[in-house]
Amino acid sequence: MERRLQPTRRAGIKWTVFLTCLIPFWRTALGQIRYSIPEEVHEGTTVGNIAKDLGIEKAALTERGIRIVYGSTELPFKVNQADGILYVNEKLDREQLCDRSKVCVINVKAVLENPLEVHYITVEILDVNDHAPSFPDKENILEISESALPGAKFQLQAARDGDSGSFSVQRYRLSHSEYFRLEVKDRGEDRKTPSLVLHNSLDRESVKSHVLHLSAFDGGKPPKSGNMTVIVNVSDVNDNPPVFSQESYTAKVSENSPVGTTVIQVNATDLDEGSNGDVVYSFGNDVDARVRARFDLNSVTGVITVAGSIDFEESDRYEIDIQASDKGAATLTTDKIVIIDVVDVNDNVPKIEVTSLAHALPEDSKPGRTVALISVTDLDSGLNGKVMCSISQDLPFLLTPSLQNNMYSLVTKHLLDREQQSSYSVLIVARDAGEPSLSSEKIITILVSDVNDNSPDFLQSHFIFYINENNKPGDTILSVTALDHDEGSNALISYSILRDKGRENLPTSFLNVNSENGDIAALKSFDFETLKTFQFHVVATDSGTPSLSSNVTVNVFILDQNDNPPVILYPVSSNGSAEGVEEIPRNVNAGHLVTKVRAYDADIGYNGWLLFSLQEVTDHSLFGLDRYTGQIRTLRSFTETDDAEHKLVILVKDNGNVSLSATATVVVQLVEPKEAFAASDVKSAAKVDEEDNVTFYLIITLGSVSVLFLVSIVVLIAMQCSKSTEYSSKYLQETNYDGTLCHSIQYRSGDKRYMLVGPRMSIGSTIVPGSNANTLVLPDRRQPSKEVRL
């Protein structure tokens, strides 16, 4: 190629020299000025001196003026008005001004004034190698069939170069390839067309695509080049049959596999492409309907799936013919056998049969007693038919295997307690040894029957009751309750009072208990003045066989009622009436003690708290009565005008809710002082006797109170000794006598402290409701650590 280009290049050089020699001749002959300048020169570069070439002096040039006229709006050249030098106005691009013309000239007019002259100036733009060859596309893709014969030509896109002449595309070069070579056709006018020529036959299965690099070079020194990638894709011809990926296919499928389960996937490939390489799968012609009903073949993916019921017992092996075919015009087919082994699975769950007791299990059954017999069967064989039974919960039962295979006994592990749990739901789990293991469950309900193993239990460890005296005989005064945790007749409770047969006059002999509900009635009225407290025992017995019983101590405190009127102890006449005569001298001063009325009330507390008042008096200004002590004193001295005899009626009443009272009459006689002295001797002896009688009564009263106090102390000590240390009682008894005989008894119950009070109440005490105002609650001043409770 280079040899063919050399004559053309030589001719171009000769033509250029010839034109250069003719330029002066053209200027003279045509009257034109011609300049030449290379392209790409910078702005301001001198093109030529117009004034000099026209022979005009600078001074004349200034007078005449010079300007350039160009057809385009943008003049690529400018002239200096002072010296007539033509210079470049902007950067020149020959390819932009003249495209691909061989000779690029620009014609301008130089205009002179005074006189008007026009001179034609031609400026030739000389080409420089400022462009490299370039292809229209960076990549050219060809599709050539693998059946193409050697020598076949395939035209490629030619490169283009903005330069012309020797600077245009001069030659091409192709990268090395054993399948292709390059041919270039010269069409003149800088047109050279490259073509690929097939040198050797193509095989798509060996090389699917060929990548070639085509380079174009211009004539510059050094030459510039452009590159294009040529990709030759080899199109397929159906010349390869499908080939399976394995020599043999073997698979396993479990019986009872669900429809759609993947068994195996066959895979065949075809080296061809397109429809020639698309492989489809199908059953062979020898595959019978039984196999087709159980397996399905995906024609596209080659996946064999379960289509029907697979049963190991029916068939344990299947041999299936599979065909792989392509989609070429002349179809090519390959056959392959797929062997499918059916795997036996554990598909039968164990069955549990239970033979249990027909009646409930007594709670006192000994450990090891058989409750039920369990038989387990499994239709599978081998490990799939070997079954183990177990209890999943923590229960008082145990499974023990029998000598016979798959037989178990359900026995008690330890003693049962119906009161804690009356029934059990035993979950029996039977699990075989298959993989995966199958299991079944069965619930056995065991009822526990009651035995009389619980004694009646009273709601309290001891009972304390407070009842009023003078109760109505036959009425219920108190009630006790016991519970039995057994059931049925074993929990049916009857109540009785534990009586001392050797002592018939005890308070318990007057009590009667309702055997069904524990209500206790008194057969007679109680008298607080006779009996203040007593204790007895109640027995609760169930109806079991043998029966069980328990007892509880009942403490009863009698509450006082205001049922005793006051008794006048002084004055008392010889006939027993409350009347007396007192003689006092007339000359006594105010405040003189006339006498003292003494009275006694058998009740206690407010009921026995006596108050004195004057009910009748002849002269209120003479005598005064102390309401608490019963003392009668003079209020003033006597005068001569005062009567000699005065009658005083004193009312003595207690402080009960319904007050009871008694009256005493005192006759006061005023005597002269001498008579009073004589009478005093006589009365002194009588008073001694009277005071002896009063003292006797007081001794009897105090003795009775002391005896009652000692009896109470003995009873409480006995209670404390017979009971646990959880409770105790403390009684304090006081006997106060100040004109009247009163009582006060203190005791404790629970967190409260009580006192049956007399005339004086303790500060800070409160009255207990329902106690007829004779029971006070005292503030507890004891230390908590030392408190004794009843």
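**A tour from the Pro222 loop**

Start by selecting Pro222, which sits in the loop between strand E13 (209–218) and strand E14 (225–235). The model you have open is predicted. Show the backbone here: the peptide bond joining Lys221 and Pro222 is cis, with omega at about 0°.

Next, go to Pro436. This residue is in the loop between strand E30 (423–432) and strand E31 (439–449). Another cis peptide bond is found here, joining Glu435 and Pro436, and its omega is about 0°.

Phi of Asn256 is near 65°, a positive value in a residue other than glycine. With a relative accessibility of 42%, Asn256 counts as partly exposed.

Then select Asn470. Look for this residue in the loop between strand E33 (462–468) and strand E34 (476–479). Asn470 is not a glycine, yet its phi is positive, at about 65°. Its relative accessible area is 42%, so Asn470 is partly exposed.

Move to a strand residue, Asn140, in strand E8 (residues 139–145). Is Asn140 buried or exposed? It counts as buried, because its relative accessibility is 11% and the cut-off for buried is under 20%. To see what surrounds Asn140, show its contacts: leaving aside residues up to four places away in sequence, Asn140 touches Leu156, Gln157, Met228, Thr229, Val230 and Ile231.

For a surface site, select Leu116, Val118 and Tyr120 together. These three residues form a nonpolar patch on the surface, and their accessible area together is about 310 Å². Val118 is partly exposed, at 43% relative accessible area.

The next stop is the second largest pocket, which holds about 690 Å³ of space. It is lined by 26 residues, and the closest to its centre are Leu506, Pro507, Leu531, Phe534 and Gln535. Colour strand E39 (533–542) and helix H6 (673–722) to see the elements that give two or more residues to this lining.

Finally, zoom out to the whole protein chain. It contains six helices and 54 strands. Of its 790 residues, 42% count as buried. The chain exposes about 42900 Å², of which carbon and sulfur atoms supply 51%. If you draw contacts between residues at least 6 apart in sequence, 65% of them join residues at least 24 apart.

Definitions and conventions: Residues are numbered from 1 along each chain as its sequence is written. This is a predicted model: local features need pLDDT of at least 70, side-chain atom pairs count only at pLDDT 80 or more; totals for chains, interfaces and linings use all residues. Side-chain values use heavy atoms; hydrogens and water are left out. Patches are made of residues with over 30% relative accessible area and no salt bridge: like charges are joined within 9 Å, nonpolar side chains (Val, Leu, Ile, Met, Phe, Trp, Tyr) within 5 Å. Accessible areas come from the Shrake-Rupley method with a 1.4 Å probe; for residues, only the protein chains shown count as cover. A salt bridge is a side-chain nitrogen of Lys or Arg within 4 Å of a carboxyl oxygen of Asp or Glu. Buried means under 20% relative accessible area, exposed over 50%, partly exposed in between (1.4 Å probe, protein chains only). Helices (H or I, at least four residues) and strands (E, at least two) are DSSP runs, numbered from the N terminus. Contact means heavy atoms within 4.5 Å. On a 1 Å grid over the protein atoms alone, a cavity is a set of points where a 1.4 Å probe fits but cannot get out, and a pocket is an open set with protein on both sides within 12 Å along at least five of seven lines; lining residues have an atom within 4 Å of a point. Grid points are joined across faces, edges and corners, and a volume is the space filled by probe spheres set on the points.
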